[in-house]
Amino acid sequence: MPDDVAHPGDPAHPGEGPASGTVGPASGTGRPASGTGRAASGPTAAGAAPEPRGLDLPWADGTFPPDTVAARRQVWDALMGLALHEATHALASDDVPVGALVVGPDGRLLGVGRNRREETGDPTAHAEVLALRQAAATLGEWRLEGCTLVVTLEPCVMCAGALVLARVERLVLGAWDPKAGATGSVWDLVRDQRANHAVEVVGGIREDECAHLLRAFFAAQR
Ligand SMILES: [Zn+2]
């Protein structure tokens, strides 16, 4: 897939390689050097727990997310850094720079996405939707229970709906979107009492950087 070819060795593209499109289960090939760890250790004995899916991240060994506020904040900051990195790739196709990723209940990276609306001509190709799709493909399951979606901009109506439908547990967002945000700004679809699923919202993570990326993009468009 072109996405993988375009960014070889990119840590935000853990699933790179000709057969990918999903992240993991890690078999030892095509993994970034920083992703070393448990998953590569030896054959699994018969009857043992299935190999964890997705890409090992530095914090995936401990409790996820960490117990203390400060440690959590560190993890959100680091994950938002990956999402920001992914967002910058959207600039190559003149897409609004928004990046997203999904981590599993154990903190492993399951999917990444960036806004590709212009690149693909697909009105639904938002960063969140693409990250959710990749995460579901990685898990082989549409229910993303216990998962966290990290995105640089507050989700729109469509993406907020997708978060609820995927039963994502937590949303970590960078910049709020006072014009079209649907997770607290204009609407709040992820905490609507009429829905059968609610999403925890953690807002304003690396907000200045996320907003700056967008402002610079729109300023250059004028
Ligand atoms: Zn959206």
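How many residues does α4 have, and how far does it reach from its first C-alpha to its last? Helix α4 has 13 residues and reaches 18 Å, close to the 18 Å expected at 1.5 Å a residue; the expected span is 1.5 Å times one less than the number of residues in the helix. We will come back to this helix, but let us start with the whole chain.

What you see is a predicted model, in which local features need pLDDT of at least 70 and side-chain atom pairs count only at pLDDT 80 or more, while totals for chains, interfaces and linings use all residues. Residues are numbered from 1 along each chain as its sequence is written. The pLDDT, the predictor's confidence in each residue from 0 to 100, averages 84 over the chain, and 78% of the residues score at least 70. Over residues 1-21 the pLDDT is below 50, and this stretch has 31 contacts in the model beyond near neighbours in sequence. Residues 24-44 also have a pLDDT below 50, with 29 contacts beyond near neighbours in sequence. A contact here means that the C-beta atoms of two residues, placed from the backbone, lie within 7 Å.

The chain comes to 6 helices and 5 strands, where helices (H or I, at least four residues) and strands (E, at least two) are DSSP runs numbered from the N terminus. From the N terminus on, the elements run α-α-β-β-α-α-β-α-β-β-α. Of the contacts with a separation of 6 or more, 56% join residues 24 or more positions apart. Of the 222 residues, 43% count as buried; a residue is buried if 20 or more other C-beta atoms lie within 10 Å of its own, exposed if 12 or fewer, and partly exposed in between, with C-beta atoms placed from the backbone.

Now for the interior. A nonpolar core is a set of buried Ala, Val, Leu, Ile, Met, Phe, Trp, Tyr and Cys residues joined through C-beta atoms within 7 Å. The largest one has 51 residues, of which Leu79, Ala83, Leu101, Val102, Ala131, Leu149 and Leu163 touch the most other members. At least two residues each come from α2 (69-89), β1 (99-103), β2 (109-114), α4 (127-139), β3 (148-153), α5 (157-165), β4 (170-175) and α6 (207-221). The largest share, 8 residues, is supplied by α2. Take alanine 83: leaving out residues up to four places away in sequence, this residue touches Gly99, Ala100, Leu101, Val150, Val151 and Thr152.

Strands β1 and β2 run antiparallel and are joined by 5 bridges; two strands pair if DSSP finds at least two bridges between them. They form a hairpin with 5 residues between them, and glycine 107 in the turn has a positive phi of about 85°. Glycine 99 stands opposite arginine 114 in β2. Strand β2 is mostly covered, with 6 of its 6 residues buried.

Back to α4. This helix is largely enclosed by the rest of the structure, because 11 of its 13 residues are buried. Among the buried residues are Ala127, Leu130, Ala131 and Arg133, and what covers the buried residues of α4 includes β1, β2, β3 and α5. Glycine 140, with a positive phi near 70°, follows the helix.

Glutamate 128 is in helix α4, and an unreviewed UniProt entry annotates Glu128 as "active site"; such annotations may be inferred rather than shown by experiment, with feature names shortened and positions given in the numbering used here. Glutamate 128 counts as buried because 29 other C-beta atoms lie within 10 Å. Beyond residues up to four places away in sequence, glutamate 128 touches Ala100, Gly113, Leu149, Val151, Pro155, Cys159 and Ala162.

The unreviewed UniProt entry also lists His126, Cys156 and Cys159 for "binding site". Although spread over 34 residues of sequence, they cluster in space, with a largest C-alpha distance of 9.2 Å. Histidine 126 lies in the loop between α3 (117-120) and α4, and is buried because it has 26 C-beta neighbours inside 10 Å. Its contacts, not counting residues up to four places away in sequence, are Asn115, Arg117, Cys156, Met158 and Cys159. Cysteine 156 sits in the loop between β3 and α5 and is buried too, with 22 C-beta neighbours inside 10 Å. Leaving aside neighbours within four places in sequence, cysteine 156 is in contact with His126, Ala180 and Ala182.
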